[in-house]
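Subject: Structure handover

Hello,

Here is the structure to look through. My notes follow below.

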Amino acid sequence: MFAQLVQSLNCRLEFNNLVQKHGSCHGTKGLTSWSQLVAMLFASLPVLIH
């Protein structure tokens, strides 16, 4: 269900363009910016539902 919600955002291409434009992935290790966004959304899901 969460995967469907993330897919419905339909903004990954625009998000990646902004990441490249602003260089926010420069020097990162591990998660990509998109993966970190998805993880943060998943972590905040109980707060949003409650």
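Which residues in α1 meet which residues in α3? Phe 2, Val 6 and Leu 9 in α1 meet Trp 34, Val 38, Leu 41, Phe 42 and Leu 45 in α3, where contact means heavy atoms within 4.5 Å. These residues divide into eight nonpolar, no polar and no charged. Ala, Val, Leu, Ile, Met, Phe, Trp, Tyr, Cys and Pro count as nonpolar, Asp, Glu, Lys and Arg as charged, and the others, Gly among them, as polar.

This is a predicted model: local features need pLDDT of at least 70, side-chain atom pairs count only at pLDDT 80 or more, and totals for chains, interfaces and linings use all residues. Residues are numbered from 1 along each chain as its sequence is written, and side-chain values use heavy atoms, with hydrogens and water left out.

Helices are DSSP runs (H or I, at least four residues), numbered from the N terminus. The axes of α2 (residues 12–22) and α3 come within 10 Å and cross at roughly 120°. Axes are lines fitted to C-alpha atoms, for helices over the stretch in contact, and angles run from 0 to 180 degrees between N-to-C directions. In this contact, Arg 12, Phe 15, Asn 16 and Val 19 belong to α2, and Ser 33, Trp 34 and Leu 37 to α3. By class, there are four nonpolar, two polar and one charged residues.

α3 bends by about 35° at Ala 43 (the angle between axes fitted to the seven residues ending there and the seven starting there). Pro 46 follows within four residues.

Regards

Definitions and conventions: Helices (H or I, at least four residues) and strands (E, at least two) are DSSP runs, numbered from the N terminus.
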